[in-house]
Amino acid sequence: MGKIEARFAVAANIQPPITSRIYTLAKPIVLIAEELSPATLEALGPDFEVRNVDGTDRKALLESLATANAILVRSATQVDAEAIAAAPNLKVIARAGVGLDNVDIKAATNAGVMVVNAPTSNVISAAELAIAHIFSLARFVPDANSSLKAGKWQRSKFTGVELYEKTIGIVGLGRIGTLVAQRLSGFGTTLIGYDPYVTQVRAEQMGVELVSLEDLMKRSDFITIHIPKTPETTGLISTEQFAIAKTNLRIVNASRGGIIDEDALYAALKSNRIAGAGLDVFVNEPPTGSPLLELENIIVTPHLGASTDEAQEKAGISVAKSVRLALAGDLVPDAVNVAGGVIDAAVRPGISLMENMGQLLFAISGGNVSSIEVEVRGEIASLDVSVLKLAGLKGFYQNAVTEQVSYVNAPLMAESRGVEVKLSVDSNSDEYRNVTTIRAVLADGTTSSVSGTVIGPKLQQKITNLNGYDVEIAMAEHLVMMVYADRPGIVAVYGKAFAENNINIAAMQIARNSKGGKALSVITVDSKVDADVLEAVRVAIEADVLKAIDLKLD
């Protein structure tokens, strides 16, 4: 149809031929709630309608979320349960950074919304900041700078020390700790490290002598910390550790606030028990009113570990790619709560199970392993189950490292620790339609294993075997596992101890491999069990193994 004919057609209300009509499909809406780099928008590409909103303007944010399919934030925007409820079309929340304190992951999971972040974007920046603190402590750089700018020329006051031939202790030999070790190795230092989850062989490959925490505290001239904050690591370095340290010790924490006991650190610095400290992280941030800020022998920075142009750009590009994958329905390696991608419906329920089993394996094995195997048996063995291996590794390393663990970096964590990982499948399953096992060979050659399955229309997760003992008990947040000589009266002993300490037993399973041999008890309880209660029970029943296991259920 020509131009003239088209005009007459319009005037006469005649529709042009169907083949000439153009239909435009609506593009998915991506909401940018904070300032991100131009490279982030380039990584998103032209396939989305990008809208901008001030994430700190609550009313505007909630209104904009009503039509959004994805939202990209940094740290200022609070994506809480209210925000998620206001976004019925939301598929993915992307945090351009590592921490997820401003995202309600549980609410997102309950709503079926994927949460992604950029877990490896800041590792180089964090490592370099720790080294910057080490050099600043060694040469009084900040103080000398301030003094000179104030018009003073005080060369003798700022006589420092060389790193050459000094002993540097690294607490935590994960991704960031390894980068620190690599960079310090060129300065002629002696590197020693403490990490209960790294093998001696792997430490030697890094040029680090693996030692106990006590030995590290005694020998180090400098210490730098790179471990996650957990109940076990909170206050890891305190008065007892400072008491055995060298008086010339300079200690750096650019990891998580609270790993160094701040009261103990203040006392050690105030009394010159140690020479200095560098902190980028604090228990309370900002550390308003902290007495540490009054001391001259401490260098502080306001949580700058990820504050570089490169880290911010890497984070933005990383989450933009994840958003593209998520909205396309592809597997999203950096998803922290929901595994996206073309995964068979029969395999998908096993993802959450495997993450929880990985956590459980870490707890019962102690984490210092040389190999991990994921075994899948049953009907799903004929399908692509590779995501189950990733899920098991993700769960295993969840409480072992500082970084956020994802499907993409969990295998790298295993590789960096010299841990061999493999996946095996078998269509035969004797008792269940499907059963999965995650098994670890420990550094001492012994084996730990967890098996489980998903049962019924409610997809209930069941533990079916622990370390070779057949059980069937629901996966739970708080578990107690004990191994002891099989004999009468044991249940009464620990039942009485738990009752006296107001610990309710929700479920219990006892298994044994032979009459009169060793028995395994697995107990589900409604709350955490204190260490002193566990020790009292261990002594009373003469247990070989007694562990309280607290899981963050996926």
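The legends below describe close-up views of a predicted model. Local features require pLDDT of at least 70 and side-chain atom pairs count only at pLDDT 80 or more, whereas totals for chains, interfaces and linings use all residues. Residues are numbered from 1 along each chain as its sequence is written, and side-chain values use heavy atoms, with hydrogens and water left out.

**View A. The largest nonpolar core and its most connected members.** A nonpolar core is a set of buried Ala, Val, Leu, Ile, Met, Phe, Trp, Tyr and Cys residues joined through side-chain atoms within 4.5 Å, where buried means under 20% relative accessible area, exposed over 50% and partly exposed in between (1.4 Å probe, protein chains only). Among the 47 residues of this core, L388, Y397, V450, I463 and L466 touch the most other members. The most residues, 8, come from helix 14 (residues 349-365); helices (H or I, at least four residues) and strands (E, at least two) are DSSP runs, numbered from the N terminus. Beyond four places in sequence, the contacts of V450 include M357, L360, I463 and L466, contact being heavy atoms within 4.5 Å. Another core, of 28 residues, lies apart from this one and has I223, I237, F282 and L292 among its members.

**View B. K462, a buried lysine without a salt bridge.** K462 sits in strand 17 (residues 460-466), and its nearest side chain of opposite charge, E472, is 4.2 Å away. Lys and Arg count as positive and Asp and Glu as negative, while His and the chain ends are not counted; a salt bridge is a side-chain nitrogen of Lys or Arg within 4 Å of a carboxyl oxygen of Asp or Glu. Residues touched by K462, leaving out those up to four places away in sequence, include L353, T453, E472 and M475.

**View C. The salt bridge between D426 and R377.** The closest N and O atoms of the pair are 3.3 Å apart. Because D426 belongs to strand 14 (residues 420-426) and R377 to strand 13 (residues 369-378), the pair ties together parts that are 49 residues apart in sequence. D426 is partly exposed at 26% relative accessible area, and R377 is partly exposed at 27%. Both residues belong to a salt-bridge network that also links E373, E375 and R439.

**View D. The salt bridge between R538 and E535 in helix 18.** Here the closest N and O atoms are 2.7 Å apart. The two residues are separated by about one helical turn because they lie 3 residues apart in helix 18 (residues 531-541).
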